[in-house]
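Subject: Structure handover

Hello,

Here is the structure I said I would pass on. My notes on it follow below.

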Amino acid sequence: MEIPKNEFKRRLGEPGVQYGMWVSLADPVAAEITASAGFDWMMIDAEHSPNDLRTLLSQLQAAFGYPVSPVIRPPRGDSVVIKQYLDIGAQTVLIPMVETAEQAAEMVAATRYPPAGIRGVATARGARWGRVDDYFKHANDEMCVLVQIETIKGVSNLMEIALTNGVDGVFIGPSDLGAALGHLGDPTNPEVIEAVKESIAAVRAAGKPAGVLSVNPDLARTFRDAGANFVAVGVDTQMLAKHTQSLAASYIGETEKN
């Protein structure tokens, strides 16, 4: 059996934009619905959603077989947590709150087997239970590390972080960066938008792919046109909240009117 190829990582080096979806419902059915929707990638979130190893595993299994690349975001940049995610089959991780090149290098090391890194050795689901031929020989090449910049300190060290060997892409977080800039809850503030665009330009100038999340279609396209080449355009929890409220509102009060 051959090692699964990381198509997301491969496409990062090609022209064009990969569009993705944030998956926060912590449910395999929701994950499978998203996986079959036609997105290039889906970000399964464990930082701001009630996910644990078993729910993450079930969502990876649900997405398997669909032409979408799962990305997992851990709650923090922790080498032990990352090791567990890779063992259950993740090949791409998005590390939140990265602020220095040293931290970025530590996260890269967490995804690599020795001597290139510190990943613990096991034949779990990532190695298809030991059935992948020469898994340990090829695993490092299929790992993809995305680091998330969302603080003023992170922005100040952005070029060094982007240039860190093994960092495959840099993701700019508008919400937390906006809060750091004094615009909590207002990621569409002009100052925030400009900071995100400048950050995207800096990442691309460093020769690395840049990513961003925006549920505002016009803003998502603005960031795309500014150079972002992996863009998340929706969040499942927000979509469910918005559309269920809209549906309820379209009927509530109708009986009284009749």
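M42 touches M21, V23, A31, T34, A35, A63, V68, S69, P70 and V71, leaving aside residues up to four places away in sequence; a contact here means heavy atoms within 4.5 Å. The model is predicted, so local features need pLDDT of at least 70 and side-chain atom pairs count only at pLDDT 80 or more, while totals for chains, interfaces and linings use all residues. Residues are numbered from 1 along each chain as its sequence is written, and side-chain values use heavy atoms, with hydrogens and water left out.

M42 is also among the residues with the most contacts inside the largest nonpolar core, together with Y135, V147, V170, V196 and F223. That core has 55 residues. A nonpolar core is a set of buried Ala, Val, Leu, Ile, Met, Phe, Trp, Tyr and Cys residues joined through side-chain atoms within 4.5 Å. Buried means under 20% relative accessible area, exposed over 50%, and partly exposed in between (1.4 Å probe, protein chains only). Helix 10 (residues 190-205) gives the most to this core, with 6 residues. Helices (H or I, at least four residues) and strands (E, at least two) are DSSP runs, numbered from the N terminus. A second, separate core of 13 residues includes L12, W22, F230 and A232.

Next, helix 2. Its buried residues are A30, A31, T34 and A35. They lie on the same side of helix 2 because they cover an arc of only 135° around the axis, the arc being that of the directions from the helix axis to the C-beta atoms. The buried residues pack against strand 1 (18-23), strand 2 (41-45) and helix 3 (53-63). The face turned away from the buried side carries V29 and I33, which are exposed. At the start of helix 2, a side-chain oxygen of D27 comes to within 2.9 Å of the backbone nitrogen of V29.

Most residues other than glycine have a negative phi, and most peptide bonds are trans.

- A26, in the loop between strand 1 and helix 2, has a positive phi near 55°. A26 is buried, with a relative accessible area of 17%.
- M97, in the loop between strand 4 (92-95) and helix 5, has a positive phi of about 55°. M97 is partly exposed, at 34% relative accessible area.
- The peptide bond from P114 to P115 is cis, with omega near 5°. P115 lies in the loop between helix 5 (101-110) and helix 6 (135-142).

Regards

Technical notes. A polar contact is a pair of N or O atoms within 3.5 Å; within protein, one must be able to donate a hydrogen and the other to accept it, and residues adjacent in sequence count only if both atoms are side-chain atoms.
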